[in-house]
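Hello,

Here is the structure I promised to send over. Have a look at it first, and then read on for what I found in it.

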Amino acid sequence: MINKKQQTHTTAIGATDNKAHAVAIQSDGKIVLAGYSYNGTDNNFAVARYNTDGSLDNTFDADGMVTTSFELNSNGRAFAVTVQADGKIVVAGYYTNVDTDRDFALVRYNTNGSLDNTFGSGGIITTVIDDGVDEAQSVVIRNDGKIVVVGYSFDFTTRVFTAVRYNIDGSLDNAFDSDGIVTTSINNNDDAAYSAALQPDGKIVISGYTSGETYDFAIIRYNIDGSLDNSFDRDGIVTTDFDASSEISYAIAIQTDGKILAAGDFDNGIVYDFILVRYKTNGTLDNTFGIDGYVNTEMGASSAEDVATCIALQSDGKILVAGNTNDGSDMDFAIARYNSEITSGIHSTANNYTTFNILPNPFSTKTVLQWNYSAQSATLSIYNYFGQSVKEINNISGETISLSRDNLSSGFYFIQLMEGNKIIFIDKIIITD
């Protein structure tokens with residue numbers, strides 16, 4: 001039996017609340033956590049480093065823990081961490097001054113936990129994007145050592161995607177949109193970025209959401225100079241509505257083949273589920289993955305709210321997605337692992353060789369399915385939005401069938417007609433009230 005207590009570690013940094021929001025692994029296997037700590041008056045950036053056995057690393061600021069205050073009566077919260085090739089640790093988040101405005105905040109630590117005085121002002125940088133709320137949510141390091149930080153800025157009217165690039169010394173990189181800062185509005189309303197990834201060619205991919213009638217996935221790709229990449233869905237911007245109440249991407253990763261993975265939550269109007277989406281390099285959905293490019297997963301009880309917040313790729317290509325599940329009484333860690341090629345039987349078109357019609361579609365009571373194939377003993381399977389089988393009709397013969405709604409609720413369904421191992425057709429139906 002595994003003793004779970006021996007595998008877990010808790011660390012009190014401040015006097016009261018301490019929250020970790022990001023983790024990074026050093027090349028030597030040591031583990032770096034970043035977040036914030038409350039000292040009874042202010043929130044401060046907090047970083048802890050652990051040895052591979054989980055004990056605090058006493059070579060890091062003598063006790064394995066560091067907190068960084070920006071100024072008196074200010075607040076700082078860290079949401080992202082990464083480790084440079086030279087072992088220095090970069091932490092990003094926001095800083096709130098006495099006027100309550102929030103600004104991008106970046107801190108770099110030496111390998112021993114001391115502030116890196118070659119970076120910004122004593123190891124600390126704050127960047128004003130707009131006179132309002134500016135929050136950094138993700139940080140990545142380019143091969144040349146330049147630092148890319150993404151998040152959002154909000155002028156109390158419109159929230160926009162924001163990307164900032166810094167030189168190695170912490171100065172703004174003027175080769176990036178002339179001033180080091182790029183902001184992008186998608187719907188002129190409410191857009192926010194939460195995660196960033198770098199392609200091998202140096203292009204930057206960031207994900208989050210855009211708000212119109214509902215929240216939808218939003219992915220933006222920038223060229224090295226900060227301009228929108230027009231080879232990505234023609235304008236550098238992809239928004240995806242999965243026909244749910246709302247979807248938000250909190251994490252992004254790039255596979256070795258260049259395909260882009262985005263994960264977050266999928267709100268079906270009742271509860272939230274994990275959602276994992278894969279895009280091709282040109283920004284179109286990868287239809288070889290899940291349901292037309294995505295898969296959603298119910299993690300806990302059917303009434304639980306599941307939110308995916310991070311992605312990690314294994315060396316064998318399998319995909320780890322982690323976050324939390326909340327059943328209304330408490331919140332737990334949640335993690336799922338997916339194969340790189342998620343193509344269930346209801347989406348495989350390898351044996352599809354006939355034409356067909358569904359009339360009418362959408363329908364409320366009954367529809368007729370017609371196909372150009374003389375079936376002998378086929379099976380019609382109906383799957384709900386979550387890939388669960390909800391109805392099956394066996395021993396179908398001929399070239400047509402009348403499909404009754406029966407007790408199926410209104411919504412979006414997938415249908416598949418198979419005979420033996422041959423798929424005759426696959427399509428989608430919509431049932432309305």
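Pro360 sits in the loop between strand S24 (356–359) and S25; strands here, like helices, are DSSP runs numbered from the N terminus (E, at least two residues, for strands; H or I, at least four, for helices). The peptide bond leading from Leu359 into Pro360 is cis, with omega near -5 degrees. Pro362 is found in the loop between S24 and S25 too, and a cis peptide bond joins Asn361 to Pro362, with omega at about 15 degrees.

Before you go further, please note that this is a predicted model: local features need pLDDT of at least 70 and side-chain atom pairs count only at pLDDT 80 or more, while totals for chains, interfaces and linings use all residues. Residues are numbered from 1 along each chain as its sequence is written, and side-chain values use heavy atoms, with hydrogens and water left out.

**The overall picture**

The protein has zero helices and 28 strands. Of its 433 residues, 51% count as buried, where buried means under 20% relative accessible area, exposed means over 50%, and partly exposed lies in between (1.4 Å probe, protein chains only). The protein exposes about 19,800 Å², and carbon and sulfur atoms supply 46% of that area; accessible areas come from the Shrake-Rupley method with a 1.4 Å probe, and for residues only the protein chains shown count as cover. Among contacts (heavy atoms within 4.5 Å) between residues at least 6 apart in sequence, 46% join residues at least 24 apart.

**The nonpolar core**

In soluble globular proteins, nonpolar side chains tend to be buried together. A nonpolar core here is a set of buried Ala, Val, Leu, Ile, Met, Phe, Trp, Tyr and Cys residues joined through side-chain atoms within 4.5 Å. The largest one has 20 residues, and those with the most contacts inside it are Leu369, Trp371, Leu380, Ile415, Leu417 and Phe425. Strand S25 (366–383), S26, S27 and S28 each supply at least two residues of this core, and the largest share, seven residues, comes from S25.

Leaving aside neighbours within four places in sequence, Ile415 is in contact with Ile358, Leu369, Leu380, Ser381, Ile382, Phe425, Ile426, Asp427 and Ile429.

**Salt bridges**

Side chains of opposite charge can pair when their charged atoms come close. Taking a salt bridge as a side-chain nitrogen of Lys or Arg within 4 Å of a carboxyl oxygen of Asp or Glu, the count comes to 15.

Which side chain does Asp116 meet in a salt bridge? The partner is Arg108, at 2.7 Å from N to O. Asp116 counts as buried at 2% relative accessibility, and Arg108 is buried as well, with a relative accessible area of 2%.

Lys203 forms a salt bridge with Asp229, their closest N and O atoms being 3.0 Å apart. Lys203 lies in the loop between strand S13 (190–198) and strand S14 (204–211), and Asp229 in the loop between strand S15 (215–222) and strand S16 (237–240), so the pair ties together parts that are 26 residues apart in sequence. Both Lys203 and Asp229 are buried, with Asp229 at a relative accessible area of 4%. The side chain of Asp229 also makes a polar contact with the side chain of Arg221 (2.7 Å); a polar contact is a pair of N or O atoms within 3.5 Å, where within protein one must be able to donate a hydrogen and the other to accept it, and residues adjacent in sequence count only if both atoms are side-chain atoms.

Asp433 pairs with Arg405 in a salt bridge, with the closest N and O atoms 2.8 Å apart. This pair links distant parts of the chain, 28 residues apart: Asp433 is in the segment after strand S28 (422–431), and Arg405 is in the loop between strand S26 (389–404) and strand S27 (411–419). Asp433 is exposed, with a relative accessible area of 76%, whereas Arg405 is buried at 15%. Elsewhere, salt bridges that share partners join Lys30, Arg49 and Asp57 into one network.

**Backbone points to check**

Asp406 is found in the loop between S26 and S27. Its phi is near 55 degrees, a positive value in a residue other than glycine, and at 55% relative accessibility Asp406 counts as exposed. Ser178, in the loop between strand S11 (159–166) and strand S12 (181–184), has a positive phi of about 70 degrees although it is not a glycine. Ser178 counts as exposed at 60% relative accessibility.

Best wishes
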